[in-house]
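Here is a short report on a single protein model.

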Amino acid sequence: MSEIELKFVTGDDAHQAFTQRVLPLFENHSINVNSHREMRLENDYYDTDKLDFQNNKMGFRVRGNNGEYEQTLKTNGVVSGGLHKRMEYNVALENSRPDLALFDSNVWPPGWDIAVKNASLSKQFSTHFTRNAYVVTIDDSVVEIVLDCGEATTEKASSPINEIELELMSGSINSLFTLAVLINNNMPVRLSDVSKAAQGYQLLHGFNAKIRHLPDFLSLEESTTTENAFCHAVQTALAHWQHHEHMFCESGSIKMLGEVAKSVRLLLQSVSLYLPVLQCPELLTLHQKLVAHAQKWGWQDDLQSLRYLLSKKSMFSKTLSKHPAVVSYLQGRQAGLMHAHEPEKLFFDNEATDIKLLAISLIQNKPWQKEATGYDHPVLEHAKGWLSQGWQTVQQSMPLSKTMGPVNYSSVEIMLRQTLWSGFLLGDLFVEERGNFRAPWLDLLTGIDELNALLMLKQAIDDAEVDSHNEVRKWTAEKLSTLIRVMERTRSVAMQRDIYW
């Protein structure tokens, strides 16, 4: 059967917080509890020796509950910002031994030899937890609210499970959002696109905190409608946000926070770009919320400059290794930023989850269809005008007749980033010349990142107040001067490139 659900993770005991803070509010919101069950579920996940299930993004488990057993296959499906749509197949078992042959043959990928797969099955990990399941009626919909508290385990490691899943059993998908907003308003949660199976595999193979890079351009075709282009942009930004949010929570890697900030800005630029055509109150509300939330991530620019300065792979490493007092100052400032802003709390911030829920709801319901026209026209009809407007503003802000220094580049940074984001969102419509045009502008943006780091280092040397820092102060001044000369040459090249739209 098909499964549609929203999934939250919490930092605390999910069921205790839910019963204390959310359940008492149901009556006031006309939500009726039809049933409540508490179960202790023992789940063993299996895979072949070649990890065929993991490689096909499928999950296969055997679940035990009071001496009764069931095997379940979950396909990859589609995840859109935390809203899961996938197929799930269940078969009752006489005991805890799995048997793939009990499923219908049409559930498997082409070419699978089930007898061979059966023979190589082995247990990979387990997820054991207490499940409290509430079936509720809201409006004309029936939703199951599942709260799972326990842990995922392998032979060598374990990690906690504290999850809330809202599964639509019948009725309108908007009932999921109504319940999700009620939960988010009354307890700390964040949307998740990581299944228990994925959590188990991470334990099994070790956690690899790698950045998942965005493509060079958002994939579009000339026939893509404005509506579909926008929805694709939102889904891309949400997926990038949630992936790197999870990466940080598991690894503590500072570089993941830079990707989260990038996601927030991409989502804001997507909404800003399409708002004139897809006009509706809901999209305007999302825009306002994103403007406010993006400000909460402004500190990330300083944090990423500090990360760059302290990296052993950066151009600063050799010089700064001779000046431990400066390094110590920079490390202290980095720790201070992390302590002051507590990024993990930002992930569980009501506003952050509210933005994600609103964005997912928008691309599901498409409220602009009742308010606007042109949403079903090819986005190509708008793209040239949008791109021209952005680049005209950029070029007016840095004319070739004007010599630019550090202050000038800092003043145009936000505008240049926004315009390049628009190019990311629309550039796939103009394949032939886009890369040639964008290359020097992207180099200029890299130069601005280096400029910000050098300016921070210059300030750090002064703040550290150590007399012996004349050498690094001189080195920094020389690097700044050289960088500005390179950036000016790059700007000259960029300004003379022909537009590609």
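How many salt bridges does the count come to? The count comes to 22 salt bridges, each being a side-chain nitrogen of Lys or Arg within 4 Å of a carboxyl oxygen of Asp or Glu. The model is predicted, so local features need pLDDT of at least 70, side-chain atom pairs count only at pLDDT 80 or more, and totals for chains, interfaces and linings use all residues. Residues are numbered from 1 along each chain as its sequence is written, and side-chain values use heavy atoms, with hydrogens and water left out.

## Charged pairs

| Salt bridge | N to O distance |
|---|---|
| Arg 131 and Asp 148 | 2.8 Å |
| Asp 449 and Arg 417 | 2.5 Å |
| Glu 488 and Arg 491 | 2.9 Å |

Take the strand pair. Arg 131 and Asp 148 meet in a salt bridge. Arg 131 sits in strand E7 (residues 122–138) and Asp 148 in strand E8 (residues 141–153), so the bridge ties together parts 17 residues apart in sequence. Helices (H or I, at least four residues) and strands (E, at least two) are DSSP runs, numbered from the N terminus. Arg 131 and Asp 148 are buried. Buried means under 20% relative accessible area, exposed over 50%, and partly exposed in between, with a 1.4 Å probe and protein chains only.

The helix pair is next. Asp 449 and Arg 417 meet in a salt bridge. Asp 449 belongs to helix H16 (residues 434–464) and Arg 417 to helix H15 (residues 406–426), so this pair ties together parts 32 residues apart in sequence. Asp 449 is partly exposed at 35% relative accessibility. Arg 417 is partly exposed too, at 23%.

Glu 488 and Arg 491 both lie in helix H17 (residues 470–495), 3 residues apart, about one turn of the helix. Both are buried. Elsewhere, salt bridges that share partners join Lys 7, Arg 131, Asp 148, Glu 163, Glu 165 and Lys 196 into one network.

Just after H5, Gly 206 takes a positive phi of about 90 degrees.

## A buried glutamate

Is Glu 245 buried or exposed? Glu 245 is buried, with a relative accessible area of 0%. Its place is in helix H6 (residues 226–251). A polar contact of 3.4 Å joins its side chain to that of Arg 190. Such a contact is a pair of N or O atoms within 3.5 Å; within protein, one must be able to donate a hydrogen and the other to accept it, and residues adjacent in sequence count only if both atoms are side-chain atoms. Beyond neighbours within four places in sequence, Glu 245 is in contact (heavy atoms within 4.5 Å) with Arg 190, Leu 191, Val 260, Phe 347 and Lys 356.

## Nonpolar cores

A nonpolar core is a set of buried Ala, Val, Leu, Ile, Met, Phe, Trp, Tyr and Cys residues joined through side-chain atoms within 4.5 Å. The largest has 126 residues, and Ile 145, Ile 164, Leu 166, Leu 426 and Trp 441 touch the most other members. Not counting residues up to four places away in sequence, Trp 441 touches Trp 391, Val 394, Met 398, Leu 416, Leu 420, Ala 494 and Met 495.

## Helix packing

Axes are lines fitted to C-alpha atoms, for helices over the stretch in contact, and angles run from 0 to 180 degrees between N-to-C directions. Angles under 35 degrees count as roughly parallel, over 145 as roughly antiparallel, 65 to 115 as roughly perpendicular and the rest as oblique.

Helix H7 (residues 254–274) packs on H15 at about 75 degrees, with axes 10 Å apart. The two are therefore roughly perpendicular. Among the contact residues are Leu 266 and Leu 273 of H7 and Trp 421 and Leu 425 of H15.

Helix H4 (residues 174–186) and H13 cross at roughly 175 degrees, their axes coming within 10 Å. H4 and H13 are therefore roughly antiparallel. Their meeting residues include Phe 177 and Val 181 in H4, and Leu 357 and Ile 360 in H13.

## Positive phi in loops

Asp 139 has a phi near 55 degrees, positive in a residue other than glycine. Asp 139 lies in the loop between E7 and E8 and is exposed at 63% relative accessibility. Lys 366, also not glycine, has a positive phi near 50 degrees. Its loop runs between helix H13 (350–365) and helix H14 (380–397).
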